[in-house]
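Dear colleague,

Here is the structure I promised to pass on to you. Please look it over alongside the notes that follow, which set out what was found in it.

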Amino acid sequence: MSIADKIAAELGDLHADETSPGMAAVAHRLARLLDDTDALASAAVGADKLRSIMSDLRKLAPAETKGDAVDDVAQQREKRRAEARQRAADG
């Protein structure tokens, strides 16, 4: 898997095209350039810039709340309520 493919996957996970499309576009471009270059000095500079951009994008990414303990308790409570409503309806 290429650098560009890995960066594209991470950018998708971060929803970077929605939250910061310009920075995401630069990250895509840098990743493609890294895949295409054989110049070690250029690759090192590009990798450092890409690392910095990705770090910023990770900070800007929306927080994931799915699956935390509070959500689990809320889901269990809703399930019990739905079961109670069903029992009451059945009679």
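His15 is partly exposed, because its relative accessible area of 30% falls between the cut-offs of 20% for buried and 50% for exposed. Please bear in mind that this is a predicted model. His15 is found in the loop between H1 and helix H2 (16–19), and its phi is near 55°, which is a positive value in a residue other than glycine.

Another loop residue is Ser20, which lies between H2 and H3. Ser20 counts as buried because its relative accessibility is 12%, under the 20% cut-off. Leaving aside residues up to four places away in sequence, Ser20 touches Leu57 and Leu60.

Turning to the packing of the helices, the axes of helix H1 (residues 3–14) and helix H4 (residues 40–60) come within 10 Å and cross at roughly 15°. H1 is therefore roughly parallel to H4, since angles under 35 degrees are counted in that way, and the crossing in which H1 passes H4 is left-handed. On the H1 side the contact is made by Ile3, Ile7, Glu10, Leu11 and Leu14, while H4 contributes Leu50, Met54, Leu57 and Arg58. By class, the residues of this contact divide into seven nonpolar and two charged, with no polar residue.

Which residues touch the most other members of the largest nonpolar core? Of the 16 residues in that core, they are Ile7, Leu11, Ala27, Leu50, Met54 and Leu57. The elements that give two or more residues to the core are H1, helix H3 (21–36) and H4.

Leu11, which belongs to the contact of H1 with H4, touches Ala16, Ala24, Ala27, His28, Met54 and Leu57, when residues up to four places away in sequence are not counted. Leu34, found in helix H3, is buried because its relative accessible area is 15%, again under the cut-off of 20%. With residues up to four places away in sequence again set aside, Leu34 touches Ile3, Ala43, Gly46, Ala47 and Leu50. Leu34 and Ala4 are 30 residues apart in sequence, and their C-alpha atoms are 8.1 Å apart in space.

With best regards

Note on methods. Residues numbered from 1 in each chain as written. Predicted model: local features only at pLDDT ≥ 70, side-chain atom pairs only at ≥ 80, totals over all residues. Heavy atoms only, no water. Axes fitted to C-alpha atoms, helices over the stretch in contact; angles between N-to-C directions. Helix = DSSP H or I, 4+ residues; strand = E, 2+ residues; numbered from the N terminus. Parallel < 35°, antiparallel > 145°, perpendicular 65-115°, else oblique. Left-handed = near helix turned anticlockwise from the far one by under 90°. Contact = heavy atoms within 4.5 Å. Nonpolar A, V, L, I, M, F, W, Y, C, P; charged D, E, K, R; others polar. Core = buried A, V, L, I, M, F, W, Y, C linked by side-chain atoms within 4.5 Å. Buried < 20%, exposed > 50% of the residue type's maximum accessible area, 1.4 Å probe, protein only.
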